Amino acid sequence: MDIHEYQAKELLSNFGVPIPRGIVAYTPDQAVYCAREIGGNRWVIKAQIHSGGRGQAGGVRITTSEHEVHAAAADLLGRRLVTKQTGPQGKLVQRLYIEAAVPIAKELYVGFVLDRRAERICVVATPEGGMEIEEIAAQSPGSLLRVVIEPAVGMQGFQARELCFGLGLEAPQIPDATRAVIGAYRAFRDLDATMVEINPLAVTADGRVLALDAKMTFDDNALFRRPNVRELRDYTEEDPREADASKFGLNYVGLDGQIGCIVNGAGLAMATMDMIKLAGAEPANFLDVGGGASPERVAAAFRLVLSDPRVKVVLVNIFAGINRCDWIAQGVVQAARDQHISVPIVARLAGTNVDEGRRILSESGLHIIPAESLADAARKAVAALGDDVRAGAGSAQAAR
Ligand code: GDP
Ligand code: MN
């Protein structure tokens, strides 16, 4: 799960990371009140979207009067900001962060990631901050500093100081910078993050060290024990298909093909996607309904898959061990009735209560194409796709 910059800053600041004064605003008038409350005469107006590269895309504005604050806020709110990371459709700006602008002398990069091979939290830092880490790594790989943290003892003061000296910081800045680094490490560890990035960690013209940008990503599997983190989730920033799925506990990843898949088990889902490709088409999604899927959950999965206008055929492939084919079949029928499904459905059921499952499907009166094996199911789905696309090529194009 990702969060917004202003949320990450608030969390990090609770761990002692120094940040400039800032307030979130939802309207241009609020932005002006915020600027007034923050005080001073220079403010940064920052678009809050789940993406980096906002600066280059015009999502970060320096303003020097209340009038400019209002104008920048009015211009940014409601705009779709297209950055290198958003894709061409961009992301809608619904919130702004208003911050006291600081005079920057130097921009550093400090990032924390999980190094899965080392099984350790790892710090990556470079004095060449400001750009995205991928660019830094490509342009000046020699500037990258890397520190691996021993989990039994945590990040040590000497490691943080060594890193800060390595970044070229001067003695008077070391205490603040060390506090920022150790604070970010503790936030990473104590909040079950998978990534913390401060870019830039700025040295100001008057010698202070401040986190000017912050990004945090959290381990979804740990959110159950971090309710204060979980409530920072902004569903409007996520692929709506994936956000819906997570509400039903379904494991869903949206893709670009035309065959919607409803499968149980991640391995079977991968195999199904492979077989679809082998048969000459592309899957529209990866969807694992999991073990013990109730008819309601299967129906939810169906609704989700069909809500994607790309889907021209649905392939149901269930190997029921813990699951029961009759429940799956009931879910399929329930969803098909509710939604007046017009696309062909290919179903391959195997395992527990398979005869009952097949009977439910065949007596439902729905047009469901039965399949025997996985390969058979994939071939039939692709064949059905062929018919459908030939019949409605024009409307299919228009729907995209
Ligand atoms: P990103 O482009 O999405 O990573 O957004 P950032 O928050 O990193 O902002 C991009 C750039 O804007 C930074 O690298 C800084 O150069 C600049 N910037 C951000 N905050 C301030 C500030 O308070 N003062 C000044 N002068 N520049 C800032
Ligand atoms: Mn940044």
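Donors are N, O and S atoms within 2.8 Å of the metal (3.2 Å for Na, K and Ca), and sites may look incomplete because water is not among the atoms. This is a predicted model, in which local features need pLDDT of at least 70, side-chain atom pairs count only at pLDDT 80 or more, and totals for chains, interfaces and linings use all residues. Residues are numbered from 1 along each chain as its sequence is written, chains are lettered from A and ligands numbered from 1 in the order in which they are written, and side-chain values use heavy atoms, with hydrogens and water left out.

**Manganese site**

- The manganese ion (ligand 2) has Asn-199 (O) and Asp-213 (OD) as its protein donors, 2.2 Å from it.
- Asn-199 belongs to strand S10 (residues 193-204) and Asp-213 to the loop between strands S11 (209-211) and S12 (214-218), so the pair ties together parts 14 residues apart in sequence.
- Helices (H or I, at least four residues) and strands (E, at least two) are DSSP runs, numbered from the N terminus.
- Asn-199 and Asp-213 are both buried, where buried means under 20% relative accessible area, exposed over 50%, and partly exposed in between (1.4 Å probe, protein chains only).

- A cis peptide bond, with omega near 10 degrees, leads from Asn-199 to Pro-200, and Pro-200 is in strand S10.
- Asp-192, a residue other than glycine, has a positive phi near 55 degrees.
- Asp-192 sits in the loop between helix H6 (174-190) and S10, and counts as buried at 13% relative accessibility.

**Asn-353**

- Asn-353, also not a glycine, has a positive phi near 60 degrees.
- The loop between strand S17 (345-351) and helix H12 (354-362) holds Asn-353, which counts as partly exposed at 34% relative accessibility.
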